[in-house]
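Subject: Structure handover

Hello,

Here is the structure I promised to pass on. Please open it and keep it beside this email while you read.

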Amino acid sequence: MTTETETYDTPYAWRRLLLSLIYATAGGVGLWSSPVIFPTLQAEFGLDRGAASFTYTATLAGFAIGGLIMGPIVDRIGMFRPLVLGAVAIAAGYILTSFAGSYWQFLLGQAVLIGMIGSAVTLGPLVADVSLWFRRRRGIAVAIAASGNYFAGAIWPPFIQAGIAEFGWRTTHIGVGLICLAIMIPIAFALRRRPAFSLEAPVPMPSLRRLPPVAPGTLQAILVFAGIACCVAMAMPQVHIVAYCMDLGYGAAVGAEMLSIMLALGVLSRVASGWLADRIGGAGTLLLGSGLQAVALVLFVPFDGLASLYALAAFFGLVQGGIVPSYALIVRDCFPAKEAGKRVTLVLTATVVGMAIGGWLAGEIFDATGSYQLAFLNGFAVNALHFAIALWLYLSMRGRPKASAEATPA
């Protein structure tokens, strides 16, 4: 019989993780190119800032819808064909939008081809697939896979901005499409292999083998709500830090530096939280991240000096990165592996929805009050609700009977 050591955490699993990270970093361009191109779109199509910024909202909406569609598909047919489809869709989206004669043509290609069909496969479905290949090191593996989004945010925007300045946005879009195709298609073929073991049972982490005292559907709904809540709070600094710095008189460049610090340290945070999750479990990591994020949010209220904001940006990046990957680990503890694609993607998509709602809500609060202070406090209040959910998950998962055994090798 195949042993656990031969089945999980193998050299192939680590190679697969590395390729998945590269694929997610390349495909994650879809979430980060539209903010870079806002000013160019305004000049090209005669738009105001609100209309141009809607490109980002439409991309997130497409990303969320696509994730919900792709998750169940991955459970049925595996990753290979969705990965190929995602690569082709992203390439087609960027090349076709380069020929857009109107804003609506551009918006359609961005939201449907790039967001919904292309980039959607790079988060929930890919993270769920990675989780199938690890047991003892599942926490850090999932965290690394989920870092592709942050790596994309650190790598692509400077590249796209330089391309626009040198060659124009249309030529740059064609180049991005061709680069993605060249990187992502070979990786898709390298990831054709499917797990050679049963996916019928839940696969608990060594340190967390208990289930909450609720029905599976109720637990899924609680996780979705938690995903929205944590990212409504998380969106306040990430989405508005540039505007906040401009209001304080520090300038957009300083705000962009702070955002870059958040994202860069977010990668470190995700990897560190994965290491921690392998020791205390997904629920414990979620609880810790939620509590520290609440502390960071409330500190933004009294401290608005330049040095203080740089320190808070760094602290926020270090504490929030592990929250999102924790959901994937909790799902894998509590549900059969054959449902990983659907259930992990649903929860991670909820976090994207939370970011969209949080970014919009903070802007509305600012418009109503003329200040971001209440927006930070609102983020803290929502985070407090999330902390209560995380605490319940942690305590209930420690106090229930053990879940069923690890999936049996085929």
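Start with a pair of helices. The axes of helix H12 (residues 252–299) and helix H14 (residues 323–334) come within 8 Å and cross at roughly 120 degrees. Helices here are DSSP runs of H or I with at least four residues, numbered from the N terminus. Axes are lines fitted to C-alpha atoms, for helices over the stretch in contact, and angles run from 0 to 180 degrees between N-to-C directions.

Before going on, two notes. This is a predicted model: local features need pLDDT of at least 70, side-chain atom pairs count only at pLDDT 80 or more, and totals for chains, interfaces and linings use all residues. Residues are numbered from 1 along each chain as its sequence is written, and side-chain values use heavy atoms, leaving out hydrogens and water.

Which residues join H12 to H14? On the H12 side they include Arg270, Ala277 and Gly282. On the H14 side they include Ile323, Val324 and Pro325. Contact means heavy atoms within 4.5 Å.

Now the second pair. H11 (residues 216–247) packs with helix H13 (residues 306–320) at an angle of about 150 degrees, and their axes are 11 Å apart. That makes H11 roughly antiparallel to H13 (under 35 degrees is roughly parallel, over 145 roughly antiparallel, 65 to 115 roughly perpendicular, the rest oblique). Met234, Pro237, Gln238 and Tyr244 in H11 meet Leu309, Phe316 and Gln320 in H13.

Next, the core. The largest nonpolar core has 115 residues, and Val127, Leu223 and Tyr327 touch the most other members. H11 gives the most to this core, with 13 residues. Such a core is a set of buried Ala, Val, Leu, Ile, Met, Phe, Trp, Tyr and Cys residues joined through side-chain atoms within 4.5 Å. Buried means under 20% relative accessible area, exposed over 50%, partly exposed in between (1.4 Å probe, protein chains only). Leaving aside neighbours within four places in sequence, Val127 is in contact with Val142, Ala145, Ala146, Ala328, Val344 and Leu348.

Ser20 lies in helix H2. Is Ser20 buried or exposed? Ser20 is buried, at 0% relative accessible area. Not counting residues up to four places away in sequence, Ser20 touches Leu126, Val130 and Leu191.

Asp9 sits in the loop between helix H1 (4–7) and helix H2 (11–27). Asp9 is not a glycine, yet has a positive phi of about 55 degrees. Most residues other than glycine have a negative phi. Asp9 also counts as buried, at 14% relative accessibility.

Best wishes

Key. Helices (H or I, at least four residues) and strands (E, at least two) are DSSP runs, numbered from the N terminus.
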